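The sequence and the model are shown first.

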Amino acid sequence: MIVVIKDDATEAQIDGFIRNLEDRGVFAKAIKGESKTVFGLVGDVSSLSPEGLARNEFIDKVMKVSEPYKLSSRSFHPDDTVIDLPGGKKIGGGNFAVMAGPCSVESEEQILSIATDVKRSGATMLRGGAFKPRSSPYSFQGLGLDGLDLLKIARQKTGLGIVTEIMSTDYIDVFEKEVDVIQVGARNMQNFTLLKEVGRLGKPVLLKRGPSSTIEELLMAADYVLVGGKAQVILCERGIRTFETATRNTLDLSAVPVLKKRTHLPVVVDPSHGTGYWNLVYPMALAATAAGADGLIIEVHNQPAQALCDGQQSITPQLFDDLMKSLGKIREAISTIEYTL
Ligand code: PEP
Ligand code: MN
């Protein structure tokens, strides 16, 4: 439910209103717009009637929200959310961010080489897995905390912020302290315990769409994080599982405009996991940008043939450099096109 407050409402009236709701188990999240104050009510609103609430003289109007997600909904927050990233960079609301780096951190030499290259090409952040969710228990599982240390060295040498995946709540304090953007991987999109825990940290969370999840389920997962009250969420389309076998996943690019209409959260696309093939990354990255994505997350490896994980879908630093130049052209071209979602 959304409550629009009248311009002349007093602070005492608003405080009383919030306390009264809290007593009924409902949390009122303030969304301050340019001119109006709006509250999004979350929790058990079954005991509230819009007509009853509208009887308060300081309330302008009350609207029911039919979607099962609230805090991520555009009806709660009409303006795009803009998230601050390290180095004075931003994502959302017209700010485009590119996260690039290897699937997994393998060695100091590897991560430093790739980090230096992607930084030179204009990447916004460095990606790299330290804790890896591998389908097979016999595959390389990542360097764990040692990998995190190597990412920190790369951050220090290049100035790029780091985005890396959290697999469980075990190292949540370390992630809070050391990581700039916490990635929740596709396989954990509905790990509700993990979502609630990362929502309590004051860090941006990159939430990847589950391989078999609907857009609505992705937005409900985002709400699990946002209910924690402190984190911000960046959504990521990374392909879904379909009957098609020509690609690793089916990259659902229509999810981009659908999400942009339904939610205020920034949306990024991962064409690496989305296709599974390095030669499809470039065209799909351009297409995602043209579709209105706020950013991309791309696997880049200096020796793809020797990569310990996902070499087949990793592009070389040279191709990444070419891609960054083409992205600039696409962004310029779409800035002149007007369309309404
Ligand atoms: C990754 O980004 O390294 C990864 C494992 O992605 P996903 O969770 O989308 O499979
Ligand atoms: Mn990968």
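## Helix pair H3 and H11

Helix H3 (residues 108–121) packs against helix H11 (residues 317–335) at an angle of about 20°, and their axes lie 9 Å apart. Helices here are DSSP runs of H or I with at least four residues, strands are runs of E with at least two, and both are numbered from the N terminus. Axes are lines fitted to C-alpha atoms, for helices over the stretch in contact, with angles from 0 to 180 degrees between N-to-C directions. H3 is therefore roughly parallel to H11 (angles under 35 degrees count as such).

From H3, Asp117, Val118 and Ser121 make the contact, and from H11, Pro317, Phe320, Asp321 and Met324 (contact means heavy atoms within 4.5 Å). By class, four of these residues are nonpolar, one is polar and two are charged.

## Basis of the model

The model is predicted: local features need pLDDT of at least 70, side-chain atom pairs count only at pLDDT 80 or more, and totals for chains, interfaces and linings use all residues. Residues are numbered from 1 along each chain as its sequence is written, chains are lettered from A and ligands numbered from 1 in the order written, and side-chain values use heavy atoms, without hydrogens and water.

## The sheet

An open sheet is formed by four strands in the order S2-S3-S1-S4, with antiparallel pairing (two strands pair if DSSP finds at least two bridges between them). Strand S2 (26–32) and strand S4 (59–63) are the edge strands, each pairing on one side only. From one strand to the next, the twist averages 25°.

S2 and strand S3 (residues 37–43) run antiparallel and are joined by seven bridges. Phe27 has Val42 in S3 as its bridge partner.

How values were computed. Angles under 35 degrees count as roughly parallel, over 145 as roughly antiparallel, 65 to 115 as roughly perpendicular and the rest as oblique. Ala, Val, Leu, Ile, Met, Phe, Trp, Tyr, Cys and Pro count as nonpolar, Asp, Glu, Lys and Arg as charged, and the others, Gly among them, as polar.
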